Amino acid sequence: MTKERFSDHFINELEQLFTWRRDVRHFKPDPIPDEIMDQLLSFACKAPSVGLSEPWYFIKINRPELRQKIHNVFKKNNLQASRDYSSDKQKLYNSLKLSGMDDAPHHIAVFSERNPDQGKGLGRKTMPQTTAYSTVMAIYSFWLAARAYGIGVGWVSIITPKDIHQILEIPETLEFIAYLCVGYPQTIRDKPELEEKGWEKRNSQKNKWIIK
Ligand SMILES: Cc1cc2nc3c(=O)[nH]c(=O)nc-3n(C[C@H](O)[C@H](O)[C@H](O)COP(=O)(O)O)c2cc1C
């Protein structure tokens with residue numbers, strides 16, 4: 001059934017969903033039922049994509065030895081990132097938890113096909129990066145849908161794509177986009193954790209149109 005517009009009640013709920021989405025790094029061990037995980041994937045697949053190319057691949061990483069290897073890559077890169085800051089910032093950086101890989105019950109690696117047949121190249125000749133953008137749209141759909149079910153998602157980017165390709169044996173025709181930690185959050189936060197810890201805060205200027 002098509003809908004011309006959604007109710008004010010729904011819009012109010014939607015605002016709450018966007019506001020409370022959060023990046024989550026602390027998880028309860030309880031697994032998410034398969035039916036809900038499948039539902040989240042189906043929401044992700046409703047995302048828009050360049051030329052209707054649907055370039056995304058969501059890969060569940062279940063094997064403990066693969067998770068461990070990827071966690072080691074994160075630890076190595078995180079240590080390196082910390083060393084790049086001056087000593088006062090380094091202390092604050094080290095106090096941040098920047099991945100939920102140690103406790104998330106579900107790990108998902110997301111890849112994007114660089115040059116998919118699907119879509120027949122439409123929209124990509126001028127902007128080849130739009131396949132990656134499309135995959136990010138799918139990730140955000142997954143993220144919001146997860147939050148609607150009370151499920152937290154944490155995006156980990158402190159990992160070198162080359163290592164992830166190697167560990168998961170994924171060909172270079174796919175581009176590594178994200179590593180997602182998924183599970184029920186330990187706590188519900190009304191502010192980004194990085195804001196709570198004094199790393200960064202939202203910039204109210206971003207909430208204003210630039211007019212030209
Ligand atoms: C592309 C992308 C990469 C991110 N990488 C990381 C990461 O490696 N580690 C981390 O803790 N958070 C990561 N985040 C989460 C951001 O830190 C978080 O979204 C931001 O601090 C705002 O907090 P909120 O999502 O709770 O509103 C990433 C988010 C995005 C969109």
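How many of the five residues of strand 3 (residues 152-156) are buried? Four are buried, so strand 3 is largely enclosed by the rest of the structure. Buried means under 20% relative accessible area, with a 1.4 Å probe and protein chains only.

The model is predicted, so local features need pLDDT of at least 70 and side-chain atom pairs pLDDT 80 or more, while totals for chains, interfaces and linings use all residues. Residues are numbered from 1 along each chain as its sequence is written, and side-chain values use heavy atoms, without hydrogens and water.

Strand 3 runs antiparallel to strand 4, and five bridges join the two; strands pair if DSSP finds at least two bridges between them. Trp155 has Leu180 in strand 4 as its bridge partner.

The elements discussed here are DSSP runs, numbered from the N terminus: helices (H or I) have at least four residues, strands (E) at least two.

| Element | Residues |
|---|---|
| Helix 1 | 8-20 |
| Helix 5 | 130-148 |
| Helix 6 | 161-168 |
| Strand 4 | 174-183 |

Helix 1 and helix 5 pack with their axes 10 Å apart, at an angle of about 110 degrees. Axes are lines fitted to C-alpha atoms over the stretch in contact, with angles from 0 to 180 degrees between N-to-C directions. The two helices are therefore roughly perpendicular, a term for 65 to 115 degrees. Leu17, Phe18 and Trp20 in helix 1 meet Tyr140, Leu144, Arg147 and Ala148 in helix 5, where contact means heavy atoms within 4.5 Å.

His165 is in helix 6 and counts as buried at 5% relative accessibility. A polar atom of its side chain lies 2.9 Å from the backbone oxygen of Ile170.

Note on methods. Expected span 1.5 Å × (residues − 1). Buried < 20%, exposed > 50% of the residue type's maximum accessible area, 1.4 Å probe, protein only. Polar contact = N/O pair within 3.5 Å; in protein donor to acceptor, adjacent residues only side chain to side chain. Parallel < 35°, antiparallel > 145°, perpendicular 65-115°, else oblique.
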